[in-house]
Amino acid sequence: MVILRSVVLFLMMFLSLSAKAEERLTLWYSHQDNSFIELLVSEFQKENNINISLVQFDPEKIKAEILLGAQYGGLPDLVIFPSDFIGLHSLMKLSSIPKGWLSPELSQKAMMTAYVDDKFWGVPVIQGNNLLLYYNKKLVSQPVSSWHDIIDTKQKWLDKNILPIGWNYLDMYYFIPFLSAFNGWPIIDGEISLNTPEMVKALKYYRYLSEQKIINPECNYTCSQSDFIQGKEAYAINGDWAYQDLKKAMGDALGVALLPTVDGNVMHPMSSTIVLSLPNYNRHAAHKKNFN
């Protein structure tokens with residue numbers, strides 16, 4: 001696996017410039033697929049006498065934990081998080097990564113997800129983060145293909161005290177595919193652009209879905225995933241990162257499909273990478289000049 005080899009190389013470079021190899025490093029992460037994180041640590045520890053202590057956070061909480069850690073001096077040695085956090089590199093006290101630490105086997109597209117303000121702030125470890133439509137096969141024999149279908153059949157679910165669908169309604173990442181279905185996007189020519197007719201249409205439609213009572217807009221990520229696993233939701237929108245957890249909990253009852261269309265228009269989910277970054281690396285470095 002190219003990305004895995006890249007991470008092991010990255011960790012080796014990190015340790016080679018440390019003032020003193022710690023007996024134990026601490027790594028914070030929120031990725032739900034523990035098997036990958038465990039494989040990463042296992043591959044690294046095969047060739048090193050360094051133990052890595054893993055601390056997993058709820059996906060909704062890790063950003064706040066890092067920001068608090070940066071403010072009050074409680075940062076870990078390593079963090080794994082979505083590349084969209086990179087924009088907060090200053091507040092998170094992330095240290096820039098020399099390009100030479102990145103494997104040449106990484107694609108340019110993947111590398112650029114960790115590139116902001118003319119510097120790299122992490123190494124990509126996983127590509128994807130696409131949103132999918134999950135469904136409970138015990139409740140659904142044939143998944144819907146449009147939002148009209150979900151709305152038209154909502155009453156049969158509500159009569160059974162089951163929500164038709166759930167997702168993290170208040171999270172921007174879940175709104176963007178709806179915007180794309182109206183031919184909109186939040187960035188135009190490199191600039192944030194929110195005041196557009198497409199944005200207005202998408203926001204109105206997004207609100208319309210909550211008004212149809214097909215979703216509980218107050219239910220956050222953890223709540224929605226839990227309700228789906230317990231059979232309280234027929235469908236759920238979640239990321240590919242959640243597949244292993246959902247499969248483990250639901251087994252053969254888990255179904256996967258494409259996101260529903262909006263008036264015949266395809267929804268395009270965003271994609272990104274998960275990156276490994278160094279908070280406040282300079283406290284480890286013996287030769288800071290090598291890091292600048």
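## Basis of the model

The structure is a predicted model in which local features need pLDDT of at least 70 and side-chain atom pairs count only at pLDDT 80 or more, while totals for chains, interfaces and linings use all residues. Residues are numbered from 1 along each chain as its sequence is written, and side-chain values use heavy atoms, with hydrogens and water left out.

## Strand pairing

Helices (H or I, at least four residues) and strands (E, at least two) are DSSP runs numbered from the N terminus. Two strands pair if DSSP finds at least two bridges between them.

Strand 1 (residues 24-29) runs parallel to strand 2 (residues 51-56), and six bridges join them. Strand 1 also runs parallel to strand 3 (residues 78-82), here with three bridges. Leu27 takes part in both pairings: its bridge partner in strand 2 is Leu54, and in strand 3 Leu27 stands opposite Leu78.

## The largest pocket

A pocket is defined on a 1 Å grid over the protein atoms alone, as an open set of points where a 1.4 Å probe fits, with protein on both sides within 12 Å along at least five of seven lines; lining residues have an atom within 4 Å of a point. Grid points are joined across faces, edges and corners, and a volume is the space filled by probe spheres set on the points.

The largest pocket holds about 660 Å³ of space. It is lined by 20 residues, of which Asp84, Met172, Pro186, Ile187 and Met270 are the closest to its centre. At least two lining residues come from each of helix 4 (108-112), strand 6 (123-128), helix 7 (172-181) and strand 13 (272-277); helix 7 gives the most, with three. By class, the lining has 10 nonpolar, eight polar and two charged residues. In this scheme Ala, Val, Leu, Ile, Met, Phe, Trp, Tyr, Cys and Pro count as nonpolar, Asp, Glu, Lys and Arg as charged, and the others, Gly among them, as polar.

## The second largest pocket

The second largest pocket has a volume of about 510 Å³. Pro59, Pro82, Asp84, Phe85 and Asp171 are the closest to its centre among the 19 residues that line it. Helix 3 (62-72) and helix 7 are the elements that give two or more residues to this lining, and the largest share, three residues, comes from helix 7. The lining of the second largest pocket comprises 10 nonpolar, five polar and four charged residues.

## Salt bridges

Side chains of opposite charge can pair when their charged atoms come close. With a salt bridge taken as a side-chain nitrogen of Lys or Arg within 4 Å of a carboxyl oxygen of Asp or Glu, the count comes to two.

Arg207 and Glu211 form a salt bridge at 3.2 Å, N to O. Both residues lie in helix 8 (residues 197-211), four residues apart, about one turn of the helix. Relative accessible area is classed as buried under 20%, exposed over 50% and partly exposed in between (1.4 Å probe, protein chains only). Arg207 is exposed because its relative accessibility is 58%, whereas Glu211, at 47%, is partly exposed. In the salt bridge of Lys247 with Asp252, the closest N and O atoms are 3.9 Å apart. Lys247 is partly exposed at 28%, and Asp252 is exposed at 67%.

Thr196 lies in the loop between strand 10 (191-192) and helix 8. With a relative accessibility of 13%, Thr196 counts as buried. The side chain of Thr196 reaches the backbone nitrogen of Met199 at 3.1 Å. A polar contact is a pair of N or O atoms within 3.5 Å; within protein, one must be able to donate a hydrogen and the other to accept it, and residues adjacent in sequence count only if both atoms are side-chain atoms.
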